[in-house]
Amino acid sequence: IYGRITPPNPVKKSDNPMGTNTYFDPAHPNILLAKIGGYITKTNGKLNISDEYNVRGNIDFRTGNIISEGAVNINGDVKSGFKLHLDKSIIINGFVNDADIKSKGTISITGGFGGSGKGKIDAGGDVSVRFVRNQTIRSAADIIIAREAVDANLYAKGNVKTLNGQTIIIGGTTIAEKDVEVHTLGNEYGVKTKVQVGLDLELLEKSYAISLELKELKSKVIEEETRLKKY
């Protein structure tokens with residue numbers, strides 16, 4: 001520049017960023033790939049992939065929905081309208097509002113699960129919760145209630161169990177393919193509380209779907225018969 005040699009700034013030596021569960025693409029040595037699906041963190045210049053994600057606060061507009069192949073550990077609440085869809089376990093150390101929560105593994109809620117009735121939990125493993133009010137829980141294994149279930153819909157392929165022998169179920173529908181273990185069922189005010197055991201939930205749902213389809217078909221038949229009579 002202007003007849004003078006201008007040397008470049010010193011080049012900082014690049015450290016190897018390969019961390020836990022990462023590797024370089026053999027065909028493209030400058031591309032770093034993940035060995036597993038999960039969450040990316042950077043520690044001391046290393047990129048690491050973990051199948052468990054820790055959320056220090058709430059699931060809200062700050063975090064958004066979490067949809068992943070891994071697991072999640074939440075130290076706060078899950079606010080209304082948000083989704084947690086994971087392949088592995090979900091641990092929530094707070095309260096869950098009207099949220100949509102799905103896991104192929106277990107779901108544990110230290111607080112309660114309540115709201116306007118729009119919330120739903122669907123798990124491939126056990127679901128443990130302190131209390132549930134006016135919400136729906138489905139489990140391919142057991143549902144474990146520590147305190148109470150009020151106006152809730154509980155569907156378990158396994159058992160509906162009490163954690164400490166003090167569980168109360170009032171109102172709603174409770175269906176278990178195996179057993180229902182509870183301290184108090186219903187209350188002195190005669191709130192309708194429906195409990196069924198020994199039923200295969202999948203067959204029950206198929207039967208319900210078929211009955212709805214038959215009802216629709218019968219309605220169509222009546223419409224066609226009415227139309228034919230006009231001619």
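Where is the place of Ala140? In this predicted model, Ala140 sits in the loop between strand 14 and strand 15 (143-150).

**Around Ala140**

Ala140 has a relative accessible area of 45%, so it counts as partly exposed. Leaving aside its neighbours within four places in sequence, Ala140 is in contact with Ala123, Gly124, Gly125 and Lys157.

In what order do the 8 strands of the open sheet come? The order is 6-8-10-12-14-16-19-21, and the pairing is parallel. Strand 6 (66-68) and strand 21 (194-197) are the edge strands, each pairing on one side only. On average, neighbouring strands of this sheet are turned by 5° against each other, direction ignored. As a piece of background, strands of a sheet pair through backbone hydrogen bonds, either parallel or antiparallel.

Now follow part of this sheet strand by strand. Strand 14 (residues 136-139) pairs with strand 16 (residues 153-156) in the parallel sense, over 4 bridges. Here Ser139 stands opposite Ala156 in strand 16. Strand 16 is in turn joined to strand 19 by 4 bridges, and these two run parallel. At this step Tyr155 stands opposite Ile175 in strand 19. Strand 19 and strand 21 also pair in the parallel sense, over 4 bridges. In strand 21, Gln196 is the bridge partner of Ile175.

Asp25 is buried yet has no salt bridge. Lys35 is the nearest side chain of opposite charge, and it is 13 Å away. What does the side chain of Asp25 reach? It reaches the backbone nitrogen of Ala27, at 3.1 Å. Not counting residues up to four places away in sequence, Asp25 touches Ile31 and Leu33.

Most residues other than glycine have a negative phi. Asn21 has a positive phi of about 60° although it is not a glycine. This residue lies in the segment before strand 1, and at 27% relative accessibility Asn21 counts as partly exposed. Asn44 also has a positive phi, of about 50°, and is not a glycine. Asn44 belongs to the loop between strand 3 (39-43) and strand 4 (46-50). With a relative accessible area of 77%, Asn44 is exposed.

**Salt bridges**

How many salt bridges does the count come to? The count is 7, and the table shows some of them.

| Salt bridge | Closest N and O atoms |
|---|---|
| Lys104 and Asp87 | 3.7 Å |
| Lys161 and Asp142 | 3.9 Å |
| Glu224 and Arg227 | 3.6 Å |

Begin with the salt bridge of Lys104 and Asp87. Lys104 lies in the loop between strand 10 (100-103) and strand 11 (107-114), and Asp87 in the loop between strand 8 (83-86) and strand 9 (90-92), so the pair ties together parts that are 17 residues apart in sequence. Lys104 is exposed at 61% relative accessibility, whereas Asp87 is partly exposed at 31%.

Next comes the salt bridge of Lys161 and Asp142. This pair links distant parts of the chain, 19 residues apart: Lys161 is in strand 17 (residues 160-162) and Asp142 in the loop between strand 14 and strand 15. That loop is also the place of Ala140. Lys161 counts as partly exposed at 30% relative accessibility, while Asp142 is buried, with a relative accessible area of 14%.

Where do Glu224 and Arg227 lie? Both are in helix 1 (residues 201-230), 3 residues apart, which is about one turn of the helix. Glu224 is partly exposed at 39% relative accessibility, and Arg227 is partly exposed with a relative accessible area of 44%.

Terms used
Residues are numbered from 1 along each chain as its sequence is written. This is a predicted model: local features need pLDDT of at least 70, side-chain atom pairs count only at pLDDT 80 or more; totals for chains, interfaces and linings use all residues. Side-chain values use heavy atoms; hydrogens and water are left out. Buried means under 20% relative accessible area, exposed over 50%, partly exposed in between (1.4 Å probe, protein chains only). Lys and Arg count as positive and Asp and Glu as negative; His and the chain ends are not counted. A salt bridge is a side-chain nitrogen of Lys or Arg within 4 Å of a carboxyl oxygen of Asp or Glu. A polar contact is a pair of N or O atoms within 3.5 Å; within protein, one must be able to donate a hydrogen and the other to accept it, and residues adjacent in sequence count only if both atoms are side-chain atoms. Contact means heavy atoms within 4.5 Å. Two strands pair if DSSP finds at least two bridges between them. Axes are lines fitted to C-alpha atoms, for helices over the stretch in contact, and angles run from 0 to 180 degrees between N-to-C directions.
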